[in-house]
Amino acid sequence: MLDARLQVIDTAAAPATDDAPPSRHEAEAAIRTLIRFAGDSPSREGLQDTPARVVRAYEEWFGGYAIDPDKLLERDFETAGYDDVVLLRDIPVRSMCEHHMAAIRGVAHVAYLPNERVVGISKLARLVDAYARRLQIQERLTCEIAETLDRVLKPRGVAVVIRATHECIGSRGIAMQGVGMVTRRLVGEFEREPWRSELLATLAT
Ligand SMILES: Nc1nc2c(ncn2[C@@H]2O[C@H](COP(=O)(O)OP(=O)(O)OP(=O)(O)O)[C@@H](O)[C@H]2O)c(=O)[nH]1
Ligand SMILES: [Zn+2]
């Protein structure tokens with residue numbers, strides 16, 4: 001009995017390393033701390049369920065860590081002779097900036113030049129989402145999408161362009177709404193003419 005009690009106390013007191021995933025209980029306690037930091041009371045009726053809701057929301061916003069992006073591209077198909085650009089436009093980007101944990105919202109355009117194999121277009125949108133739903137800077141998000149598609153599918157070229165607004169600029173700090181950031185990563189034949197100009201012209205329309 002005493003041993004069991006000591007064990008519980010020991011576990012609770014065990015120092016968590018920075019990288020170890022916390023329990024749900026610890027995550028909810030952290031939200032209660034932030035509510036108090038904001039100046040409100042976590043025991044107030046309207047806030048009582050908020051820590052559990054926020055933790056559930058985190059599981060959605062950061063669900064990308066549980067996804068293996070390579071696996072998304074595992075199933076491919078023959079091109080059936082198609083060798084021109086495949087471009088999926090306006091894929092919604094819902095991410096979080098790693099500096100402020102504030103929302104990044106925008107769209108991604110993902111293009112590739114097939115090399116005998118193509119993937120289902122939903123997989124391109126899933127690939128964007130898998131990397132977006134992590135703590136990100138826009139530059140890394142852009143590169144990770146392009147490099148994964150290049151490495152796994154091995155097409156002749158890959159291009160990823162992201163246009164997004166950052167809530168950390170819109171609602172705090174410099175507090176400027178509507179400032180857009182554009183990033184792009186061109187790989188393989190898209191780095192060179194004629195595909196480079198063709199792609200950029202297509203995206204401008
Ligand atoms: N390059 C890049 N910067 C980003 C991104 N998201 C946010 N930032 C910037 O990251 C920077 C962090 O700079 P710090 O000076 O450490 O943070 P801060 O004091 O909150 O900066 P301010 O936002 O200028 O008040 C800020 O300039 C943000 O605008 C991103 O995706 N890419
Ligand atoms: Zn930020």
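Start by selecting residues 28-200: their end C-alpha atoms lie 46 Å apart, and the span is 38% helix and 29% strand. Helices (H or I, at least four residues) and strands (E, at least two) are DSSP runs, numbered from the N terminus. In UniProt, an unreviewed entry gives this span the annotation "domain: GTP cyclohydrolase I"; UniProt positions follow the numbering used here, feature names are shortened, and annotations may be inferred rather than shown by experiment.

Before going on, note that this is a predicted model, in which local features need pLDDT of at least 70, side-chain atom pairs count only at pLDDT 80 or more, and totals for chains, interfaces and linings use all residues. Residues are numbered from 1 along each chain as its sequence is written, while chains are lettered from A and ligands numbered from 1 in the order in which they are written.

Now switch to a cartoon view and pick out the five strands that form an open sheet in the order 5-2-3-6-7, with mixed pairing. Strand 5 (135-136) and strand 7 are the edges, each pairing on one side only. Two strands count as paired if DSSP finds at least two bridges between them.

Select strand 2 with strand 3: they pair in the antiparallel sense over nine bridges. Here Ile 91 sits opposite Ala 108 of strand 3. Val 107 has Arg 163 in strand 6 as its bridge partner. Finally, bring in strand 7 (residues 180-188), which pairs with strand 6 in the antiparallel sense over nine bridges; there, Val 160 is partnered by Arg 185.

A residue is buried if 20 or more other C-beta atoms lie within 10 Å of its own, exposed if 12 or fewer, and partly exposed in between, with C-beta atoms placed from the backbone.

Center on Ile 145. Leaving out residues up to four places away in sequence, Ile 145 touches Ala 108, Val 110, Leu 127, Val 128, Tyr 131 and Val 160; contact requires backbone-placed C-beta atoms within 7 Å.

**The annotated site and ligand 1**

Select Cys 97, His 100 and Cys 168, where UniProt (unreviewed entry) places the feature "binding site". They span 72 residues in sequence, yet no two of their C-alpha atoms are more than 7.8 Å apart, so they gather at one spot. Cys 97 belongs to strand 2 and is partly exposed, with 19 other C-beta atoms within 10 Å. Cys 168 is in helix 7 and counts as partly exposed too, with 18 C-beta neighbours inside 10 Å.

Last stop: show ligand 1 and the residues around it, including Cys 97, His 99, His 166 and Cys 168. A residue qualifies if its backbone-placed C-beta atom lies within 6 Å of the molecule. Helix 6 and helix 7 (167-170) each give two or more residues to this shell.

Technical notes. Two residues are in contact if their C-beta atoms, placed from the backbone, lie within 7 Å.
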